[in-house]
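Please consider the structure shown below together with its sequence.

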Amino acid sequence: MSKDLEEEVQNPNKPSNNANSNGLNSSTSNIENTSKEAQKSTMGARATDSARIIKFTKVLSGTTVILEKLRELAWSGIPPYMRPDVWRLLLGYAPPNSDRRGGVLKRKRLEYLDCVSQYYDIPDTERSDDEINMLRQIAVDCPRTVPDVSFFQQAQVQKSLERILYTWAIRHPASGYVQGINDLVTPFLVVFLSEYLEGSVDSWSISDLSPDKISIIEADCYWCLSKLLDGMQDHYTFAQPGIQRLVFKLKEVVRRIDEPVSTHMEEQGLEFLQFAFRWFNCLLIREIPFHLITRLWDTYLAEGDALPDFLVYIFASFLLTWSDKLQKLDFQELVMFLQHLPTNNWTHQELEMVLSRAFMWHSMFNSSPSHLAN
C-alpha cells in the first residue's frame, strides 16, 4: 500500500475540527467556509473509496469487531453493500464477536416470528379496544409512509410495515404506537432488503422474495428499530418530553450560532416547535430526498447513545442552510417555507455540508455546554 493511501486509510473522513478558532462572529461566513470544506471532504471521500473499503474490511473481518473504530469509519458514510452488516453491529443487534453472531441473529429472528404469531396473527376478538384502535391507526399510516417512493405503495410492503410497527407497539406499552415511528422503519427496510434485491429501490418488488426472506428482513427491522428507540424512549411517551427538550436546545443553539435568524424568527412570533417537532419526530425523513436518508442514518447510528444531542446540531445546520432567506420572510412565509423546504434537488454534497457544519459546531460547543442548560 502506498504511503498516501496508508495515510488516507488511517484517518476517518470526519470533518476536521480546526474551525474552532474561527469564532462565531459571522454565521454566514462560517457556513460558506464550512461548505467549501464539505465539498473538499466529499470529493476526498470519493477519491479514497478504495482506501475506506480496505479499512472497513479490516475492522469487520476481526474475530471481535472494535465498535469504536467502526463508528469512526461509519460516521462519514458506509459502502452500500456493507451497510446491512454495519448497521446491525452499530445498533448492538448483532454481537461484535463473529463466532456468536450467526446464532444470536437466528434466535432473535425466531423470537420476532413468535411475537408476530402471538400478537399480530390473532383475531380482533382477542385484542383490547385500545389494541384494535392502535392497529387501525397503523393501517391508516402505512400507505402514507414515504408517499413519493413507489416501492412503499406496494401492498406487501405496507403489510410488512404494519406487522413490524404493531409488534413493536405491543412490546413497548410505555409509548405504544406514535405517528412518525412508521417513518423510522423505512431506512431499515430499504437497507435490509438491499441484501436480497438489486438495482434502484423504485424497481424493487417485494413479491420476488420468499416468505422466509421477508420474515428475516422484518425481524432485522424490528430489532434495529427497537435498539434505535431504546436510546430515545421519552421522545414517544405521553406529551413527547424528549422532543420538547431537544427543540428547546435547538432554539438555544441557533441563537448562539446565528443571532440575526434567531431574533427575526422571534420577532415574527414563530415558535421552533411549529416546524422542528416534525424534524425530531421523523428524524428528517420527511424533509430531504429519500435516496439521501441512508447516508444520513450512517452518521445517526455512528453517534450511538450521543445521537439525541447531536441531532440538535444537525438540525441547526440544516435550518441555517437558508439563513439569508429566512431573515427576509414574514411569519406566514416562514411557516410555508419551513413546511416545504427546497431540498428536492439535493445531492450528497448538500447533505455532507450539513453534517460537516454540525460536527464543527458540536465540537465548538461541546467543551462549554452551559449555554444549553435548561
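The following paragraphs treat the nonpolar core, the aromatic pairs, and then several residues in loops and helices.

This is a predicted model, in which local features need pLDDT of at least 70 and side-chain atom pairs count only at pLDDT 80 or more, while totals for chains, interfaces and linings use all residues. Residues are numbered from 1 along each chain as its sequence is written, and side-chain values use heavy atoms, with hydrogens and water left out.

A nonpolar core is here a set of buried Ala, Val, Leu, Ile, Met, Phe, Trp, Tyr and Cys residues joined through side-chain atoms within 4.5 Å; buried means under 20% relative accessible area, exposed over 50%, and partly exposed in between, with a 1.4 Å probe and protein chains only. The largest such core has 120 residues, of which Phe188, Phe280, Trp297 and Tyr300 touch the most other members. At least three residues of this core come from each of domain 1 (81–231) and domain 2 (241–366), the bounds being taken from an automatic or database domain assignment. Contact means heavy atoms within 4.5 Å. Apart from neighbours within four places in sequence, Phe188 is in contact with residues including Trp87, Cys221, Leu228 and Trp297.

Aromatic rings of Phe, Tyr and Trp (its six-membered ring) pair if their centres lie within 6.5 Å; planes under 30 degrees apart count as stacked, over 60 as edge-to-face and the rest as tilted. The structure holds 23 aromatic pairs. One of them, Trp75 with Phe310, is edge-to-face, at 5.9 Å centre to centre and 65° between the planes. Trp75 lies in the loop between helix 4 (67–74) and helix 5 (83–90), and Phe310 in helix 15 (residues 307–319), 235 residues apart; helices are DSSP runs of H or I with at least four residues, numbered from the N terminus. Tyr313 and Phe365 form a tilted pair, with 6.2 Å between centres and 35° between planes. Because Tyr313 lies in helix 15 and Phe365 in helix 18 (residues 348–366), this pair ties together parts that are 52 residues apart in sequence.

Two loop residues other than glycine have positive phi. Val146, between helix 7 (129–141) and helix 8 (155–171), has a phi of about 40° and counts as buried at 6% relative accessibility. Leu283, between helix 13 (273–282) and helix 14 (293–303), has a phi near 55° and is buried at 0%.

Glu162 in helix 8 is buried, with a relative accessible area of 10%.
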